[in-house]
Structure formats: structure tokens, C-alpha cells
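Colleague: Before I use the terms in your description, I would like to see what each of them rests on. Could we go through them one at a time?

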Amino acid sequence: MRELSITIFSSFIFFLLIFFSFIGIQETSIRLPFFYYSSGLIVNVGESYHDIWGKQIAQEDILSLSESKSLGVGQKKVVRIIDEFGNVVTKEYELIEFFKLDILKKFYLDLILAFFSLLTAVYFFYTTRDGLIFSFFLNFSVILFSNIFLLTYTISIFPLFFSIYFGAFLNYHLIFRLRGKEIPSKWLLPQFLIAFVIAIVASQENPYSKILDQIANMGHMINLFFGIINIVLNTKDIIKIKPIGDALYKRISLLIALCLYISVPVSMILFNGQPWFHVSRWLFFSTYIFFIIGFFYGTYRYTFVPSFVIFTPTLITLLLVTISSLSYILLALTVDYLLPLPYIKDRWFLNILLLFILTCYMIPIKLKIKEWIDYWFFEKNPILSHGIEKITRLITEPISMRKTILSINKTVMETLNVSNIIILIPGDQFARTDLRNVNFMRIPSQSEIWNFFASNDRVTVTSHLEYGIGLRETLYNFLKGLNVQLAFPAYGHSSDRKMIRAMILLGEKADSNYFSIGELKFINEVVKITAMLIENYSLLEDEIQKRKIVRDIQTATIVDNTLRIIAPSEIKGIEFGYMNRPAVGISGDYLDIIPISPTKMIILLGDVAGHGLGTGFLVSAIKGIVREQLRNGTSLEGLFREINSFFRARYKGSEFMTLLGGVLDSNEKTFRFINAGHLALLQMNPNGQILTHAKTQRVLGILETDYHAQELKMTSGTRLFLFSDGITETFGENDELFGEELLTAFLQKHAKMPIKDLPMALENTINQFRGDREVTDDITFIALSFASD
């Protein structure tokens, strides 16, 4: 109730101030008994001349009236009236004396509408602190005021044309605001200057010049264009969102209000002033009263909220706009005083000079204003200054990170007198750290709430979201449930791009007041410090984890090397050579060569899913199982079943392994083997022919399986090759694949090379083929051969 009383009272006082300021500087005038624009368009004011509403006075007669020095009350004046079809009718009218207060009698509907618009603007400012809606209705009130004095005294050209163009730009901003979005306030400055310069140009023209109509119509066109876009996008939102109940009524009310708002631009541009200048003034009044009421009801969900925060950048923008405007006015007055009138008819050089000055000094002025605001609103405040000094000391003291954050939170709450402070972080950050009792809150990094914060780099005000729907409604309920009023983004810079590491959530103030500019500056500094601490702690945690991984890899490498049994240099009748190159410190390829008699050896080559630390430990475990089973006399088939059972019992199908293994017998010249999902075994006969044995059985670790061995009968000089997919899936610099064809070609080319030298030659070939590309998979290769008799 108090805010409503203040709104009405302040609006009334401001209205009277503006009105009597215009009235006080005007004198009684002699004029025709009806009202018209400089173009001659006759306005529907007063019922006495209903027959000529919307028609035009000939331009020559308007000039004659304006230039005449001998006009008197009761004098007869002949004017030509032109209708919409171009027909001319000559009529005689008696001139009247128009007094100052006659404005109240003739334009009372327009004055009521102007006051109602001003009342709406001030009400929005007091209840929501919404600068955009306030400016929109204030600008509309200025249009109505200016229009009255243009019709009565042919003055106020500058405020009328400024408000027409600036109103069009505000209409553009409404396109975003009414759909739950906002655009940076920095765009208001160039828009303000454009409207300002156009208004200056218009005010320098002859009031009865046709060019004023063209300038005005251009402004109406811009307003109409943005209004149509606004209507189309809001209609699209209704179809897409499909609101129901009260939300639907508000949307429809908003659409109707927007249509009513653009009715005058439509009439002026498309219908040459019709129908507005052929109908009663009451219809115009009623239309725009319904526009204001409909707009208020339709935007209740977006703007009627308990509080709004004006941040420092917005304040600086407003100050820059004010300074720029005052500078232009002062410069124009100085030129008018110093130069004769004939030399200042064209002011294009003045506009260029202003643009040059703004270009040169805008940034220094902005920085100076920012320093001034910081000093007077922040540094001069002893409570805020002491709070930031205390926080600065905390981060330099040799205490734990947990205690530092707790102390900072406590200091912020005491300084700002807020109910709570929460640090919101994505769930994958500090995943291994216990954050209980530190005012941290984790949220899934893929949740729609965190995605909103991550994609929106502005401060979020909870009350702005109160009457939203969809994600805005979800976000409002989330923040309101935590009793949070402001959400500040804390940025990290450890990566190549700027990203939000956390959101600092601040509760409502205990005294229910708004945050001052100094307090917002304090919060901003605290957020920077908190972001730095989070960034440093994150880097520290990453470094710790890296060191743990390096330590574990070194440990696993030792284990891997310990469990590996180097095959004896010679087994009777068998020659062999191999290589095993891991992609990281420990291989995920399982390689084992184990002698089981003077003339037999078992060869095993497998590939555990993945490579690196986890698979390295798994490979070591498989080696232990194999040796244990061989000591117990387990057969080849039994060995595969045991490994399969181990995977199934331990990993429940989440890990699996391919394995090719068999027993090579130099006496019998046989190779008895099992292939469990591994790559094909290659056989090269003494004549150089290569045979591919691609028959496989089920991969280990999936299902219970009976594995069956197959046997190859060979002769002296026959070679066998076992390999992992790290060889065939090696990519060259041009993304070409090494593949089995190149491997086969290599083996045939080196058919006479000693078997022990073959792995090294293959490794050199692969490295040359790969070029500068990194190794992406473990590489293992075994070459076996029966010695010649």
C-alpha cells in the first residue's frame, strides 16, 4: 500500500511539473478553430468539425497562416481542404484566441492517458525496479505530452521525434524481455544517440516542412516492424509451449496489448491516418487504456516481482548516456551563440565532431566513472572495506582450504547480513573430496539447471524467474527452495576458454532491503576470490591425481615385469621372436611364452578391453592364473575355461578378453591352438604362401563356453605369426590404415629374414608408416618357426 501511495503521489507531482512548465512558457495564440499537424492532417479533437477529421489543409494555406503577422480574433480565413481522394473544397473559418488552459478542455483525454502512462511507468519502477518497462511507459507518456504541444503551439518537435525513435528501440528490447530473455544494456547507448541525433536534425527543420512527415513515418515503420516481430514470436511461443489456464490468458492479453500498441503506426503508414483521424477521440483513449491494462496483466509473470538489482555496468551506461547528451546540448548551444544563424543551418559537422569526441574519450570516461563509483560506494564504506580486508588476510594465512572457505562464508554473511551462502559446483568437480559442512552443494553437470548457469554468464536474480514457465520455473523453485536471492558465476581460466567453475548463491538480506551498489561490488570481489580458491584447489587436486596415477603405473609396471617370465633363449627345434610395446606405462595386451617341456612351449596372446593401468593389473592377474593352472596340469581347453570363469565371476560381463593360444610341438611339428575372438593366425609355408586361420570361438568373459582346440600339421621352415590389433589398426599421417594387407606384404618381403630379427624390422616399418602420429594402442607381435632338419 505504501509503494502504491508513493507511486501515485510522485507521478502526480511529476505530471504537474511537466505540464505547467510547458504552459508557463507559452503565450495566448491566434489560430484556426481546429487542430492539425505540420503536414496539414486534421486531428479529431473537438466535435464541432467532425466533417473534416482526417482530411488535410493545403500546404500553401498552412504557410500563409504561419507567416502572417496580422491575425486577429474573429478574422475570416479561407483555406482549402483536401480529402483522401484528392478532391479540394474551399472553406472559410473564423480565427479564435487559444488560451493556455484551453489545453485542459481540448486535450483532457490525451492528458489523462499521458498521466496514466506515467503512473504505470513509476509503478513498475517502484515495485519491480524494471528499468526497461519503466522507460517504455515513460517514453509513451512523453510522446503524448509532446504531441499535445506540437498541435497547439507547433513546439516540442525534439522530444516528440526523440521519443518516437527511442520508443521503437525500447520496443525492440521488449521482443527479448517478454519472452523471458534479456539483451545487454550497453546497446541502449548507441540507440539513445541515434534517436538523439535524429531528433536534433528534425528540430532544425522548418516545422511545416514535408521532411518531418518522412522522418516521423520512418520512426513509425521501425516501431511497426519490431511490434510485428514481437507479436509473431509471442504467438510462436504460445503454440510451442501450449500454456493453459491463467498463463494462457496472460499470453493472449499480451498479444492483444501489442496489437493495440501498433494500431497508430499501422494507421499512419498503411491508411494515411485512417481510421484514427476519422473516429472519436474516445476510441483512441479507450484503445490505449486497454493497451496499458492488457500489457500490465500480460507481463505480470515477467516483471511484477518483489525486487530488482541494478548492477554497476548499467549505472555506468546511464551516466554515459547523460554525459553524452549534456555534452551535445552544451556544444550545440555554444555553436549557436558563437556563429551566425546562416552558418548553423546544417549541423552535420556538429554530429561528426560529437562522434569523434565520443570515440576518443568514451573508454577513459567509462573507466573514470567506474573508479568513482567504486570509491564512493565501496571503498568509503567501512563495513565493506573491513570485510574485504579480512577475506584478503584469510587467503594468505597458513590454514586449510576447508577452514578458509568456512571463514570467508562467515565473513560474507556477517558483512552483508544475508541468511546463507552456498557454493554450487558440478558433480564431477572435486568428486573425490569430502565437502560436507563447507557450504558446497553438488549438482549433476548434465542437469538442465547447471546447463542454464553454464550457458548464462550473467548474474541470476531469483525474483526475475518468479512468473516464468518451463526451465525458468524449475530454476526459480530450485533457488527459492534454498532461500537464494542472487546467483553469481565464478569463472575459471585453467583451460583455453573461460568457463564457469561454480555458482555463488547468496540468500536474502535479513532486513529485506535491496543490495546496494557497494554491496554488489563487495560480492563481486568475493566471487573473484572464491573463484581463485576453487581454481587453485582444482589444480591441486588434479596434480595429486596425476601423481597417484604415475605412482600406480610405476607400481603396476614393476608387477608386470615381475610376473613376466622371460622365455629361454632356445627350445629344441623352435625359433621365435616377439615384441610388446604398450601405449602407456603398462600393456593391455597379454603376452606369455612358457616352456612346458624340452620340445614344447605354450604361446598366449590376448587383448583385454582397453589399455593402461586397469587392464595392466588384469593382465598380471591372468598371468598368475595361467601359471597356477599349468602347474596343476590343466589342459589347453581347461585353461581357457578357467580364464573365462574368472572374468565372468569377477566382472559380470563388464570386462572381456580376446585370446589366441596354443602348444607348439617341435617333435610332432604341430601347433594345437584355440582362438577365442582374437585376430586370425597367419601361417607362412616354406614356399612363401600365407594361409589365414580365421576360425574363432566366443570371447572370454561373456558366457559359459566349452572351448575346442584345432591342430595344424606343419613342416620344417613353416612360420606362424600371432599379432594384436595395435598393428593392423595403426594409422598413418594421412589417416590410412596399416591393415592385414600391408602386414602380409611385409612378411612376404622378409620371408628370408631370421625369425628373431623379424619383430624389430616390423616395428621399424610401423613407426615409419605412423610418422608423427601418437601410439594409440598396444602393439604385440610373435613370430614362430620350426628349425630346418
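Colleague: How many residues of the lining of the second largest pocket are nonpolar, how many polar and how many charged?

Modeller: That lining holds 21 nonpolar, 11 polar and three charged residues, where Ala, Val, Leu, Ile, Met, Phe, Trp, Tyr, Cys and Pro count as nonpolar, Asp, Glu, Lys and Arg as charged, and the others, Gly among them, as polar. The model is predicted, with local features requiring pLDDT of at least 70 and side-chain atom pairs pLDDT 80 or more, whereas totals for chains, interfaces and linings use all residues. Residues are numbered from 1 along each chain as its sequence is written, and side-chain values use heavy atoms, without hydrogens and water.

Colleague: What makes a residue part of that lining, and which are the closest to the centre of the second largest pocket?

Modeller: A lining residue has an atom within 4 Å of a grid point, the grid being 1 Å over the protein atoms alone; a pocket is an open set of points with protein on both sides within 12 Å along at least five of seven lines, whereas in a cavity a 1.4 Å probe fits but cannot get out. Among the helices supplying at least two lining residues are α5 (131–153) and α10 (263–270), while α8 gives the most, with eight.

Colleague: What lines the second largest cavity, and from which helices?

Modeller: Its lining consists of Ile405, Ile408, Asn409, Ile423, Thr530, Leu533 and Ile534, with α16 (401–416) and α19 (517–563) each supplying at least two residues. Five of the lining residues are nonpolar, two polar and none charged. The volume, the space filled by probe spheres set on points joined across faces, edges and corners, is about 30 Å³.

Colleague: Why are β12 and β18 called edge strands?

Modeller: Strands (E, at least two residues) and helices (H or I, at least four) are DSSP runs, and two strands pair if DSSP finds at least two bridges between them. The open antiparallel sheet has the order β12-β13-β14-β15-β18, and β12 (589–597) and β18 (710–713) each pair on one side only.

Colleague: What does helix α21 touch?

Modeller: Helix α21 (residues 636–651) packs on this sheet, touching β13 (600–608), β14 (657–665) and β15, contact meaning heavy atoms within 4.5 Å.

How values were computed:
Axes are lines fitted to C-alpha atoms, for helices over the stretch in contact, and angles run from 0 to 180 degrees between N-to-C directions.
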